[in-house]
Amino acid sequence: MMKKLQKLGSALMLPVATLPICGILMGLGYAFAPAVMGAAGATSGFAYSLGLFLVKAGAALIDNMAILFAIGTAVGLAKENNGTAGLAGLVSWLMITTLLNPGTVGVIAPGMVASETNAVAFAKIANPFTGILSGIIGAVCYNKFKDTKLPDVLAFFSGKRSVSIITAVVSIAVSAVLLFVWPVVFGALVAI
């Protein structure tokens, strides 16, 4: 168990390694243009434009940390650190976040978003925790199904090409479970 947790921790370092450049870019941006953050300062000119540019560059990564975790965790946990696992992690993240967004949940199970607590939980489904879960799903599917042999008619989808397809199916099943479990998990994460 400890070896698996250690491997997960090592895999998480891959997306976490992007954080220093985010901090540097955003810090420099706020130094050039404090008004971007609501502080007093100029809201036009070269320094403001440069600062805004740098802040947005850093925010591009910070705002998408969930996707970085989905891909980085999958690649880090995959045998041979294969990029196919990263694609599978992204497929899983897209499936889970699309199937569990408030609009979809409101149509499939309107009662699940009736309470304000559940509505907030589903509105926040695209988060790094879901990214990590998606990365784990992608890596497990890759490690288990990368050598799959299909009948000749479907041979094009054999091997690594089958991983994303299987990951999508697994992610649908995980989303069905998370439909009922996610509000509780989200509440526990917020409480921690």
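In what order do the elements of the protein chain run from the N terminus on? In this predicted model, the sequence of elements reads α-α-α-α-α-α-α-α-α, and the chain accordingly has nine helices and zero strands. Taken along the principal axes, the box filled by the C-alpha atoms of the protein chain is roughly 65 × 45 × 40 Å.

The packing of helix H8 (residues 128–145) against helix H9 (residues 161–191) was examined in detail. The axes of H8 and H9 come within 10 Å and cross at roughly 150°; because angles over 145 degrees count as roughly antiparallel, H8 is roughly antiparallel to H9. The crossing of the two helices is right-handed. On the H8 side, the contact is made by Phe129, Thr130, Leu133, Ile137, Gly138, Cys141, Tyr142 and Phe145, which meet residues of H9 including Ser162, Val163, Ile166, Val170, Val174, Leu178, Trp182, Val185 and Leu189. The residues of this contact divide into 14 nonpolar, five polar and no charged.

Helix H8 also takes part in the largest pocket, where H8 and helix H1 (2–16) each supply at least two residues of the lining. About 270 Å³ of space lies in this pocket, and its lining comprises Met1, Lys4, Leu5, Lys7, Leu8, Leu77, Lys79, Ile136, Ala139, Val140 and Asn143. By residue class, the lining divides into seven nonpolar, one polar and three charged residues, whereas no charged residues are found in the contact of H8 with H9.

Notes:
Residues numbered from 1 in each chain as written. Predicted model: local features only at pLDDT ≥ 70, side-chain atom pairs only at ≥ 80, totals over all residues. Heavy atoms only, no water. Axes fitted to C-alpha atoms, helices over the stretch in contact; angles between N-to-C directions. Helix = DSSP H or I, 4+ residues; strand = E, 2+ residues; numbered from the N terminus. Parallel < 35°, antiparallel > 145°, perpendicular 65-115°, else oblique. Left-handed = near helix turned anticlockwise from the far one by under 90°. Contact = heavy atoms within 4.5 Å. Nonpolar A, V, L, I, M, F, W, Y, C, P; charged D, E, K, R; others polar. 1 Å grid on protein atoms, 1.4 Å probe; cavity = no way out; pocket = protein on both sides within 12 Å on 5 of 7 lines; lining within 4 Å. Points joined across faces, edges and corners; volume = space filled by probe spheres on them.
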